[in-house]
Amino acid sequence: MLILLDENLLSQKLKQPFLDAGHSISNVYDMGWRGLKDREILDRSESHPFDVFITADKNLPYQQNLASRVIRIIVLDSSSTRPAHLVPLMKQVSTMISSLPVGSAIRISDGGDVVFIP
């Protein structure tokens, strides 16, 4: 799968679990999309085409209409965006993303609880 990490997830350490699982991964900085609005990033990611967009922006589901998207969207509902805190969560996400339906949006908590976003 081709995965895009949002601006708040720039550490190389966050990419490693996905690379280890055989996925291709970039972040918005790699793509030259840093500073773009969320809608522009989502539009470009679908056109690229990325399969998955991962963000730690907990407000994204309230600010964007995710129901019309074809990309899989994962919102990390984490108490910290520090790499040491997020790496275990990224490992869990890397093993489950292939099973997510196209166009689905989920929220995943620090404890690994997954909730589909309507």
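Student: Are W33 and F50 buried or exposed?

Tutor: Both W33 and F50 are buried, a word for under 20% relative accessible area, with exposed meaning over 50% and partly exposed in between (1.4 Å probe, protein chains only). Bear in mind that this is a predicted model, where local features need pLDDT of at least 70, side-chain atom pairs count only at pLDDT 80 or more, and totals for chains, interfaces and linings use all residues. Residues are numbered from 1 along each chain as its sequence is written, and side-chain values use heavy atoms, leaving out hydrogens and water.

Student: How many aromatic pairs does a search of the whole structure find?

Tutor: Rings of Phe, Tyr and Trp (its six-membered ring) pair if their centres lie within 6.5 Å; planes under 30 degrees apart are stacked, over 60 edge-to-face, and the rest tilted. The search finds one pair here. The ring centres of W33 and F50 are 6.1 Å apart with planes at 80°, so this pair is edge-to-face. W33 sits in the loop between α2 (28-31) and α3 (38-47), and F50 in the loop between α3 and β3, so the pair ties together parts 17 residues apart in sequence.

Student: Which strands does β1 join?

Tutor: Helices (H or I, at least four residues) and strands (E, at least two) are DSSP runs numbered from the N terminus, and two strands pair if DSSP finds at least two bridges between them. Strand β1 (residues 2-5) runs parallel to β2 (residues 24-27), joined by four bridges. L4 stands opposite S26 in β2, and L5 has N27 as its bridge partner there. Three bridges also join β1 to the parallel strand β3 (residues 52-55), where I3 partners V52.
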